[in-house]
Amino acid sequence: MSLFVRNTLIALLIAVAITGTVAYAITYLNNARIAELSAIEDQLSIDTLSLDTQFSLLEAAPCESVASSTTLTDKLADLGSRLSVAENQLGSDNAQVIRLKEQYSLLEIRDYLITKKLAAACGAKPTTVLYFYSNAGDCADCDKAGYALSYLRDTYPSLRVYSFDYNLDLGALRTFIAVTKVKRDLPAFIINGRPYYGFTSLADLEKQFPKGVLSTSTPKF
Amino acid sequence: MSPEVLVYPFLFITIFFESFLLVTFLSQPARTCRLTTTVRSFPKVAVIVPCWNEETTIAGTVESLLSLDYPQEKLSLVLVNDGSADGTAAVFERFSAHPQITAIHKENGGKFSAMNAGIEHTADAELVGFLDADSFVAPDALREIVAAFEESDVAAVTASMSIHQPRTLLQRMQYAEYSLSITLRHVLASINGLYVTPGPFSFYRRSVFTELGLFKHAHLAEDMEMAMRIQRAGRRIGNAIRARVYTKGPPTFKRLLKQRIRWTTGFLRNLLFDYRDLIGNRNNAVLGMLILPLGLAAIVGGISLFIQAIVLGIDRALHALSLVRTVPLSYTFSWHQVTWFSFPLTMTILLGAMLMIGTLAWMAVGKRLSKTPGTLAFNVVIYLLLYGIVTPIWLLYSVSDVVRGAHTTWR
């Protein structure tokens with residue numbers, strides 16, 4: 001075997017080994033991301049169930065004795081951001097990503113319902129935003145709307161923002177869409193029960209919020 | 001399908017090539033080439049300096065040649081004034097009385113004609129070398145070159161070029177690029193894979209000219225054509241890694257573009273029009289099966305990756321701009337925590353980073369082995385910032401010129 005052939009074969013082996021190792025490392029990292037998401041979702045699932053149960057058990061008890069769901073909402077927001085990263089890395093058609101999104105949507109719906117129950121029982125008036133988007137290429141303004149909502153959520157932590165992929169094939173979500181009567185005119189928002197469609201600017205979106213909601217807390221940015 | 005997938009074949013080919021370089025660098029022939037050289041005999045040597053309007057640099061070039069550590073009676077210089085319109089002839093006069101120097105004045109006929117005119121005055125030289133009139137050499141360079149001719153089948157020997165005192169950003173970029181070229185030339189020469197004998201301080205046995213003929217116009221790339229001719233004849237082209245020659249890289253983008261278009265069109269035209277038989281040639285498998293195909297692939301890859309990067313870059317920049325304009329700037333530029341989870345690590349980024357580290361390592365190796373003076377660190381940063389942007393521009397121009405049959409000029 002000539003030196004050239006020998007070196008070519010060795011180089012080919014090295015190149016395959018390097019590429020394979022890198023591909024393995026990236027797959028390992030993505031799996032770790034999925035595992036992290038699953039772990040967070042499991043914990044959230046338990047927390048949500050716990051809050052729900054606690055609320056049912058102590059229905060007649062003073063509101064102060066029921067743990068607030070605010071921390072759950074913060075965790076949900078963090079999970080949403082991570083899910084978005086995973087979706088970008090693995091693709092929106094990845095089976096694991098879809099499963100995690102379904103689970104996430106269920107958690108959001110449950111948290112939304114608990115928040116409403118707590119509000120009704122304790123007389124609180126939380127500002128909730130249901131945001132419906134699509135990443136199937138049929139919603140040109142969804143990215144901008146999502147970014148604007150991230151800004152509002154980070155700036156006004158008392159806002160409770162729930163994001164839903166309108167195209168997700170999940171029974172509970174379909175029912176939720178039917179109940180809230182959201183049309184397929186995306187991006188769509190339901191702000192404290194009032195629907196609002198399309199996104200033009202942050203200022204226009206802010207006008208849809210009840211008066212005083214966005215001025216009661218000091219903006220961080 | 002992610003557009004990133006289109007990058008994978010080029011990344012794999014580049015990883016393969018860097019691996020091939022590493023394996024060959026560690027192989028016996030390259031290790032032997034790196035051994036300390038001792039000159040056993042001093043053959044008669046002639047150095048030809050073709051000049052065309054080189055009044056500002058020629059004196060330095062000649063003085064560096066006269067300072068070569070080589071027996072004076074064995075070294076002669078032939079200065080060829082190729083119809084210069086500036087003060088080159090006057091500078092020649094200063095050296096005309098020197099016993100080692102022959103000065104020739106001729107009508108302008110192009111660099112190859114000046115080189116050929118010089119060869120006619122080197123009848124008693126066993127080795128004939130050339131030095132561009134904007135370059136100069138280290139005192140021990142000729143000894144290193146002569147030592148590399150020890151093996152009888154070596155027909156030509158190349159030196160290690162570097163950029164002299166880089167000042168502009170583009171010269172600094174070229175300094176790093178030339179450091180990489182030193183390693184490439186050293187490794188590829190060890191397995192006879194060179195397809196160019198550059199103008200600065202390449203040497204030939206006299207038999208090359210008597211048996212294979214003189215230089216040709218060769219699409220303004222006479223050094224590539226001659227190297228390809230030597231390879232076609234089944235002879236070897238060696239390299240003396242410690243033979244340092246310094247050249248003045250083009251300081252401006254316009255001049256650099258001109259130079260690189262000349263090089264790239266010269267490569268494409270010589271290879272595709274006149275030496276197509278070398279591609280795939282099994283007699284010299286290194287060149288025919290690897291180096292030349294990879295050279296063509298590098299041009300295709302460089303252009304296609306650049307176009308892809310431009311299209312994707314504009315698309316993403318516009319998208320990012322539309323997002324940024326949605327909310328106050330203070331939010332976009334506020335600190336957002338980056339964790340391992342959100343760190344954008346992809347195949348392309350990881351493989352690209354590895355290749356970049358590999359390339360930087362080869363630059364450092366080239367500089368160290370050739371003992372080239374200067375600082376690499378800052379120049380490497382400039383290289384990383386600029387090379388990927390400027391290279392595709394001359395590749396695009398070159399391919400366009402070759403396809404359209406456009407005329408290429410020297411300056």
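The largest nonpolar core comprises 109 residues, and those with the most contacts inside it are B:Ile48, B:Val49, B:Ala141 and B:Ile145. Helix α7 (residues 169–190) of chain B gives the largest share of this core, 10 residues. A nonpolar core is here a set of buried Ala, Val, Leu, Ile, Met, Phe, Trp, Tyr and Cys residues joined through C-beta atoms within 7 Å. A residue counts as buried if 20 or more other C-beta atoms lie within 10 Å of its own, as exposed if 12 or fewer do, and as partly exposed in between, with C-beta atoms placed from the backbone. Helices (H or I, at least four residues) and strands (E, at least two) are DSSP runs, numbered from the N terminus. A second, separate core of 29 residues includes A:Tyr162, A:Leu173, A:Leu205 and B:Tyr331.

The model is predicted: local features need pLDDT of at least 70, side-chain atom pairs count only at pLDDT 80 or more, and totals for chains, interfaces and linings use all residues. Residues are numbered from 1 along each chain as its sequence is written, while chains are lettered from A and ligands numbered from 1 in the order in which they are written.

Contacts, defined by C-beta atoms placed from the backbone that lie within 7 Å, were then examined for individual residues of chain B. Apart from its neighbours within four places in sequence, B:Ile145 is in contact with B:Gly129, B:Val157, B:Ala159, B:Phe203, B:Ala240 and B:Ala243. B:Thr88 belongs to helix α4 (residues 88–95) of chain B and counts as buried because it has 23 C-beta neighbours inside 10 Å. When neighbours within four places in sequence are left aside, the contacts of B:Thr88 are B:Cys51, B:Asn53, B:Glu54, B:Glu55, B:Ile58 and B:Asn81. One of these partners, B:Asn53, lies in the loop between β1 (45–51) and α3 (58–66) of chain B. B:Asn53 has a positive phi of about 55° although it is not a glycine, and is partly exposed, with 18 C-beta neighbours inside 10 Å.

Helix α9 (residues 222–232) of chain B is mostly covered, with 10 of its 11 residues buried. Among the buried residues of α9(B) are B:Met224, B:Met226, B:Met228 and B:Ile230, together with B:Glu222 and B:Arg229. Just after this helix, B:Gly234 adopts a positive phi of about 80°.

Chain A contains six helices and four strands, which follow the order α-α-α-β-α-β-α-β-β-α from the N terminus. Of its 221 residues, 30% count as buried. Among the contacts in chain A with a separation of 6 or more, 71% join residues 24 or more positions apart. The peptide bond from A:Leu186 to A:Pro187 is cis, with omega near 0°; A:Pro187 is placed in the loop between α5 (171–180) and β3 (188–191). In the loop between β3 and β4 (194–197) of chain A, A:Asn192 shows a positive phi of about 50° although it is not a glycine. A:Asn192 is partly exposed, with 14 other C-beta atoms within 10 Å.

At the interface, 27 residues of chain A are in contact with 28 residues of chain B. On the side of chain A that touches chain B, α1 (3–57), α2 (70–90) and α4 (142–155) each give two or more residues, and α1(A) provides the largest share, 18 residues. The residues of this side divide into 19 nonpolar, three polar and five charged, where Ala, Val, Leu, Ile, Met, Phe, Trp, Tyr, Cys and Pro count as nonpolar, Asp, Glu, Lys and Arg as charged, and the others, Gly among them, as polar.

Methods. Two residues are in contact if their C-beta atoms, placed from the backbone, lie within 7 Å.
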